[in-house]
Structures are given as C-alpha cells and as structure tokens.
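Trainee: I would like to go through this model and ask what stands behind each label.
Mentor: Go ahead, and we will set the values against the cut-offs.

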Amino acid sequence: MTIKNKGGVEMKLVAQLSARWRVLGDTDQWILQYKKKAKKEDWGNVSFIGSTKRILMRCIREANAPITGRAQSKLDRLPDTFKCWRDA
C-alpha cells in the first residue's frame, strides 16, 4: 500500500502496528508514526530510522507502540537493514 504525505511524497506502508501506530518507508528511512486523533487522518512522525531493523524495533518498544500479531509477523520478515529493504 502506498501513502502520500502532506507534501505529496509517496511512502510504502511497511506495517500497521495497531489502529494508531504504523511504520512507513520512503527512499531514505523507515518512519514510525502515531495517529494523533482517532477520527482524523492526522499522523505525527515519532522516529526516523535509516539503519537497522534492530534500531527500528527499539524505537517501537521505547514509544510503547502496541503491535498486533499480524504486524509482528511483517516486522519479523523485514531484512536486517533499511538499505536491504529499500533495494529489494
């Protein structure tokens, strides 16, 4: 699934962690986002990760973002680095 940010840049949905948390990816990094209001499409950026899956998982954990089982499966299947994900 592709999502456009407010600037019109297309990003790929990596994993919908829960109703209010998600991970997107663009050409430079993974982006951990939090939905500010339950009824609006108003997402805020929490972390930008251009390095490893290990760091991505740490950012998710430190943000206390809940993860559904389906989302965890998607995260488990990510390659070890952002670059490998981007170039796949």
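Mentor: Start with R22, which stands opposite Q33 in β4. Keep in mind that this is a predicted model.

Trainee: What makes β3 and β4 a pair of strands?
Mentor: Pairing needs at least two bridges, and five bridges join β3 to β4. The two run antiparallel and form a hairpin with four residues between them.

Trainee: How do you know that β4 also pairs with β5?
Mentor: The cut-off is again at least two bridges, and six bridges join β4 to β5, also antiparallel. In that pairing K35 stands opposite W43 in β5.

Trainee: Why is β4 called mostly covered?
Mentor: A residue is buried when its relative accessible area is under 20%. Five of the six residues of β4 are buried, so the strand counts as mostly covered.

Trainee: How many aromatic pairs are there, and why is the pair of W21 and Y34 called tilted?
Mentor: The structure holds four aromatic pairs. The ring centres of W21 and Y34 are 4.8 Å apart, and the limit for a pair is within 6.5 Å. Their planes stand at 50°; stacked would need under 30 degrees and edge-to-face over 60, so the pair is tilted.

Trainee: What does the pair of W21 and Y34 tie together?
Mentor: W21 is in strand β3 and Y34 in strand β4, so the pair ties together parts that are 13 residues apart in sequence.

Trainee: What makes the pair of W30 and F82 edge-to-face?
Mentor: The planes of W30 and F82 are at 90°, and edge-to-face starts over 60 degrees. Centre to centre the distance is 5.5 Å, against a limit of 6.5 Å. This pair links distant parts of the chain, with W30 in strand β4 and F82 in helix α3, 52 residues apart.

Trainee: How do you know that W30 and F82 are buried?
Mentor: W30 has 0% relative accessibility and F82 has 2%. The cut-off is under 20%, so both W30 and F82 count as buried. Ring pairs also link W30, F82 and W85 into a cluster.

Trainee: Why is R22 said to lie over the face of W43?
Mentor: R22 is 3.9 Å from the ring centre of W43, and the distance limit is within 6 Å. The label also requires a position within 35 degrees of the ring normal.

Trainee: Which strand gives the most to the lining of the largest pocket?
Mentor: That is β5, with four residues. The pocket holds about 250 Å³ of space. Of the 16 residues that line this pocket, those closest to its centre are N5, K6, M11, Q33 and W43. By class the lining has six nonpolar, five polar and five charged residues.

Trainee: What makes the phi of N64 worth a remark?
Mentor: Most residues other than glycine have a negative phi. N64 is not a glycine, yet its phi is positive, about 55°. N64 sits in the loop between α1 and α2. At 66% relative accessibility, against a cut-off of over 50%, N64 counts as exposed.

Methods
Residues numbered from 1 in each chain as written. Predicted model: local features only at pLDDT ≥ 70, side-chain atom pairs only at ≥ 80, totals over all residues. Heavy atoms only, no water. 1 Å grid on protein atoms, 1.4 Å probe; cavity = no way out; pocket = protein on both sides within 12 Å on 5 of 7 lines; lining within 4 Å. Points joined across faces, edges and corners; volume = space filled by probe spheres on them. Nonpolar A, V, L, I, M, F, W, Y, C, P; charged D, E, K, R; others polar. Buried < 20%, exposed > 50% of the residue type's maximum accessible area, 1.4 Å probe, protein only. Phe/Tyr/Trp six-rings, centres within 6.5 Å; stacked < 30°, edge-to-face > 60°.
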